[in-house]
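Me: I have a model open and a list of things to ask about it. Take them one by one, please.

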Amino acid sequence: MKTWDIAIVGGGGAGLTAAMYGARGRRHVVVFERKLTGGQIATTDLVENFPGFPRGVNGFDLGQSMLAQAEKFGATVIYEGVDSLEREPSGMFRLRVGEEEHRARTVIVTAGAEYRHLDVPGEEALTGRGVSYCATCDAAFFKDMDVAVVGGGDAAMDEGMFLTRYAKSVTVIHRRDSLRASKMLQERAFSNPKMHFVWDTVVEAIEGESAVTGARLRNVKTGVESRIAVAAVFVFIGHMPNNELLNGLVEVDDDGQVLVDLRMRTTTPGLFVAGDVRTQAARQLISACGDGATAAIAAERYLQDLDGGAGELPAVVPSINAAV
């Protein structure tokens, strides 16, 4: 059984940044990633809002650069998922990875969150080709074009209004006859001349060959089908944080996102959470990387205290619920 100073669950921007910081601190660091290093950004063709790349950068290439930097300083990457995580009475963590077990003095979980999908024909095939889950990331690609937003909550209104800075028009498609967003956001959205609303309607399919050309709609009350011609469909119907490993170990908010303090500490000493799986995450690569750095620095301080004979750090401050 291998023992590590820092075990990181998830190889996206937060995880690879944490790995780099931990490895530069001469700690034995491992990253477990079941899919593709780089996380969601690795599926993005052009990233234009990451500092240092004025002409943009391919998301896959950026992820590979982060990986190479972490490995340069000695981090180990294992391309397998973590099936279970538990904390031993000694304070060590035990991770089940396939048929193997690993032990770690600290754990940083950067497993991220999955966008909720519509699960309709065309959505998966056209993701990155007009289907998007991030207006901040992709709005600029659709300047002076007609686009659609699916959803009726705060995120849909926030992102929809951001889209109006670029798009010719933004059509909001909502399955109910009223929005779930806050009244303030509703007032702003309704007063925006570029925003239009289609009520009691769901998306049945997203159309297009190499790029989105439109969407097929259905009114849930009348059953009448229609089609809207748009260059993009932005989907904002929520997130599903990948928090299964953390059951019984942490506190979560109403959306299942993990509560942390400003050091990314959870209520379990030695266990840190960073990136999109934490509460109130900005869901941007740059902020996820910042979270990863913060978590690694906090983990290093935790290890230093243990090595100095001071014992475990106390549990996270009681005000964790309002700390971030």
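Me: Which residue lies over the face of Phe73?
Reply: This is a predicted model, where local features need pLDDT of at least 70, side-chain atom pairs count only at pLDDT 80 or more, and totals for chains, interfaces and linings use all residues. Numbering starts from 1 along each chain as its sequence is written, and side-chain values use heavy atoms, with hydrogens and water left out. A charge sits over a ring if NZ of Lys or CZ of Arg is within 6 Å of the ring centre and within 35 degrees of the ring normal. At 5.3 Å from the ring centre of Phe73, the residue is Arg24.

Me: Where is Gly25 found, and is it buried or partly exposed?
Reply: Helices (H or I, at least four residues) and strands (E, at least two) are DSSP runs, numbered from the N terminus. Gly25 is in the loop between α1 (13–24) and β2 (29–32). Buried means under 20% relative accessible area, exposed over 50%, partly exposed in between (1.4 Å probe, protein chains only). Because its relative accessibility is 35%, Gly25 counts as partly exposed.

Me: What separation do the C-alpha atoms of Gly25 and Val131 have?
Reply: Along the chain, Gly25 and Val131 are 106 residues apart. Between their C-alpha atoms the separation is 40 Å.

Me: Which strands stand at the edges of the sheet with 5 strands?
Reply: Two strands pair if DSSP finds at least two bridges between them. The order in this open sheet is β8-β15-β9-β10-β11, with parallel pairing. Each edge strand has a single partner strand, so one side of each is left without a neighbour in the sheet. The edge strands are β8 (131–132) and β11.

Me: Which residue in β15 stands opposite Val131?
Reply: β8 and strand β15 (residues 232–235) run parallel and are joined by 2 bridges. Opposite Val131 stands Val233.

Me: Which residues form the uncovered face of β11?
Reply: In a regular strand, side chains alternate between the two faces of the sheet. Strand β11 (residues 195–198) has Met195 and Phe197 on its covered face. The uncovered face holds His196 and Val198.

Me: Which residue of β11 does Thr171 stand opposite?
Reply: Strand β10 (residues 169–173) pairs with β11 in the parallel sense, over 4 bridges. Thr171 stands opposite His196.

Me: By what angle are neighbouring strands turned in the sheet of 3 strands?
Reply: This open sheet runs β12-β13-β14, with antiparallel pairing. β12 (201–207) and β14 (225–229) stand at the edges, each with a single partner strand, so one side of each lacks a neighbour in the sheet.

Me: What is the bridge partner of Ala215 in β14?
Reply: Strand β13 (residues 214–219) pairs with β14 in the antiparallel sense over 5 bridges. The partner of Ala215 is Ile228.

Me: How many aromatic pairs are there, and why is the pair of Phe50 and Phe53 tilted?
Reply: Rings of Phe, Tyr and Trp (its six-membered ring) pair if their centres lie within 6.5 Å; planes under 30 degrees apart count as stacked, over 60 as edge-to-face and the rest as tilted. By this rule there are 9 aromatic pairs. The ring centres of Phe50 and Phe53 are 6.4 Å apart and their planes are at 40°, so the pair is tilted.

Me: Is Asp144 buried or exposed?
Reply: Most residues other than glycine have a negative phi. Asp144 is not a glycine, yet its phi is positive, about 60°. Its place is the loop between α3 (135–138) and β9 (146–150). With a relative accessible area of 56%, Asp144 is exposed.

Me: Is Met264 buried or exposed?
Reply: Met264 also has a positive phi, near 70°. It is in the loop between β16 (239–241) and β17 (271–273). With a relative accessible area of 5%, Met264 is buried.
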